[in-house]
Structures are given as C-alpha cells and as structure tokens.
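I opened this notebook to keep track of what I looked up. The entries follow the order of my reading.

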Amino acid sequence: MKAFLAHYAYCEQGTLVLCGDHARFMNHSPNASCGNDPNRHFTTLALRDIAKDEELTDNYAIMDESWEPFAGIIEPERMENGPR
C-alpha cells in the first residue's frame, strides 16, 4: 500500500489525495493541457483548447506540496525525492 500511495497519490493542503475518478488516468507533462482551478480546490480545468483524441495531461511538479506530514505512511524514497 505504501508503494501504491507513493506512486498514485499527491499532497494538497495537508491532505493526501488519491484520485478515485477519471483524473487518475491523466498523465504528466511540463506543458500540460489541464491544471488546478485556483478558485475551486480539487477541481481540474482545461488550460487551453484540447484537440479531439489529444491526451489529457497535468504538470505533476506543481501539484505536490510537502510529503512530511505523511512520513511513515508512504515509501521513504518519495519523502527523499520530494514532489514529482
């Protein structure tokens, strides 16, 4: 379970978030097509027009906050590496 959380979860506002909806299929890109809505927490929106059949992506590097509150819950290497 620790490895699963380290791979699939992220931290937001002191909460360990594990997507249970279709957002779990979103992949990483530094030039993401989607991102977090700054006015509505836990809400994703399109950052630009998305072409038909284009992959939905998010920039994981700007999603994560500190994993420190979850020491012992997730794999130690995630703690050492910090945000994705």
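Predicted model: local features only at pLDDT ≥ 70, side-chain atom pairs only at ≥ 80, totals over all residues.

Entry 1, charges. I take a salt bridge to be a side-chain nitrogen of Lys or Arg within 4 Å of a carboxyl oxygen of Asp or Glu. Side chains of opposite charge can pair when their charged atoms come close. I searched the whole structure and found one salt bridge. Arg-48 forms it with Glu-54, and their closest N and O atoms are 2.7 Å apart.

Residues are numbered from 1 along each chain as its sequence is written, and side-chain values use heavy atoms, with hydrogens and water left out.

I call a residue buried under 20% relative accessible area, exposed over 50%, and partly exposed in between (1.4 Å probe, protein chains only). Arg-48 is partly exposed at 38%. Glu-54 is partly exposed as well, at 29%.

I counted two helices and six strands, taken as DSSP runs numbered from the N terminus (helices: H or I, at least four residues; strands: E, at least two). Along the sequence the pattern reads α-β-β-β-β-β-β-α. Of the 84 residues, 30% are buried. The chain exposes about 5800 Å², of which carbon and sulfur atoms supply 54%; the areas come from the Shrake-Rupley method with a 1.4 Å probe, and for residues only the protein chains shown count as cover.

Is Ser-33 buried or exposed? Ser-33 is buried, with a relative accessible area of 0%. I found Ser-33 in the loop between β3 (27-28) and β4 (34-36).

Met-1, Phe-4, Tyr-8 and Leu-18 make a nonpolar surface patch of about 460 Å². Patch residues have over 30% relative accessible area and no salt bridge; like charges are joined within 9 Å, nonpolar side chains (Val, Leu, Ile, Met, Phe, Trp, Tyr) within 5 Å. Phe-4 lies in helix α1 (residues 2-8) and is partly exposed at 40%.

I placed Glu-68 in the loop between β6 (57-58) and α2 (76-81). At 53% relative accessibility, Glu-68 counts as exposed. Glu-68 and Cys-11 are 57 residues apart along the chain, and their C-alpha atoms are separated by 9.8 Å.
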